[in-house]
Amino acid sequence: MGPEAVNNVILLADCYKVSHHLQYPPGITKLYSYFESRGGKFPYTVFFGLQYILKKWLVGQVVTKEVIQEAKEIYGAAVMADDLFNEEGWNYILEKHGGHLPVRIKAVAEGSIVPVKNVLFTVENTDPAVPWLTNYLETILVQAWYPMTVATISRIHKQLIHHYNQISSDDQSLVSFSLHDTGYRGVSSVETAAIGGAAHMINFKSSDTIAGSCLLRKYYHVEGVAGFSGPFSEHSTVTSWGRERENEAHKKMLKSFMGRKFGCVVDSYNIWECLEKTFGQELKDLVIENGSKGGMVAIRPDSGNPTEVVLKCLEILEKAFGTEKNSKGYKVLPEYIKVVQADGINYQALASILKAMEENGWAANNASFGAGAALLQRIDRDTQRCAYKCSMAEVNGEDIEVFKQPITDPGKRSKKGRLALHCTDGVYTTVKASESSEEQDQLVTVFENGELLKDFTFEEICQRAEISGHDIDILKFIAEDASE
């Protein structure tokens, strides 16, 4: 992904972790930890992104003399002490294991839809000399919270769009193109855009965040791209013509992209006048001609109350271009003109718009949507309360169940012992490993001793994440979310 400020596996840990090898009890030879969503905003998670982390940071020889020396110097300065960094431990990994990390990671298949409060992956050391390594890797592995949270939010949007299209639309083939990722400019970094953009593409094939496809090409076996876009005007391409010549800006779009699908932003000045006069009268014949050649114009409002604006846009377009009723009794604009709302969209706003459209007799496929910051940026690790906790330690040859149970927050109680994940009739449950078998356990070894053992393709991840009969009641979730 380009030059990195950090390109050293040892520097992927919080500073305070460099002293942990000095804190464990004598005789410890094993640490076993797990990662889960302890609850949070959404009742399930779409597991995704661990493979990216493993391939980018942990596969192969990642420890060298130079890596150790650099980490020793930087951590020594950061913690203001020369005797805390585990130079001996890292040199042991270099000499004994050729710089490969002696850990085993088991995980549920990427793309799986797993209810919260279930184990998603486990980590343990495979060499009894380095038990500290299990939890040293916590910082980088926990960053799986971001791609899985984006994938989850994106899928909640998809459930809403799918639901209302089932109710009101004859043609549901465009559901997977109905939420466009507009978040590239709104995230904290290019890497964030790549990770989040890729996560969104599990659910939707519409995106302006090209970095997402770049990541999927490199780490998930995608050829070509996984997210598609096309010509769209922005305010600068319209306002550069001047207010008096706004109609010429839109006319140029129609002339330049005749016979293609493209979008026009229409609120640079007076959106209602632009729709009624410019598109509904002056450019109407060109809009229809574009449609006759297989094209489609997406009318894009970009301000105002999203629900009110979408409904009014549909009403104006209906007067200008007419509608037909589909087999379900809902109004449908001609195929050559639609509305796309990308301003102010999150899952609550989307639910409001789609509900209002349905109540006013409009098929859901008259509109598509875009989301940016609410999709890729307005989240954090606590959105799904993601946590990585130690649940088992081996000390002096004895397995000890490890857990935390703070009296000030029962929700932070952690699980005990070795864990397995079962799935029966689409229902996931976490059980003790002693109550499971290898055939039952949904956690499979994906990484061991520096080697990637399971390499998921993006295609199979998307298939796993498809809408299914096991899904939550999306309207019930929205209603409960609104009442909180």
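Let me begin with strand 11, residues 337–341, which is mostly covered, since five of its five residues are buried, where buried means under 20% relative accessible area with a 1.4 Å probe and protein chains only, exposed over 50%, and partly exposed in between. Strands (E, at least two residues) and helices (H or I, at least four) are DSSP runs numbered from the N terminus. This is a predicted model, in which local features need pLDDT of at least 70 and side-chain atom pairs count only at pLDDT 80 or more, while totals for chains, interfaces and linings use all residues. Residues are numbered from 1 along each chain as its sequence is written, and side-chain values use heavy atoms, with hydrogens and water left out.

In a regular strand the side chains alternate between the two faces of the sheet. Here both faces are covered, with Ile337, Val339 and Gln341 buried on one side and Lys338 and Val340 buried on the other.

As for pairing, which requires at least two DSSP bridges between two strands, strand 8 (residues 296–300) runs parallel to strand 11 and is joined to it by three bridges, Ile299 having Val339 as its bridge partner. Strand 12, residues 367–371, also pairs with strand 11 in the parallel sense over three bridges, and there Val340 stands opposite Ser368.

Turning to Ser112, this residue lies in the loop between strand 3 (103–107) and strand 4 (113–115), and it counts as buried because its relative accessibility is 4%. Leaving aside neighbours within four places in sequence, Ser112 is in contact (heavy atoms within 4.5 Å) with Thr45, Val46, Phe47, Tyr428 and Arg464.
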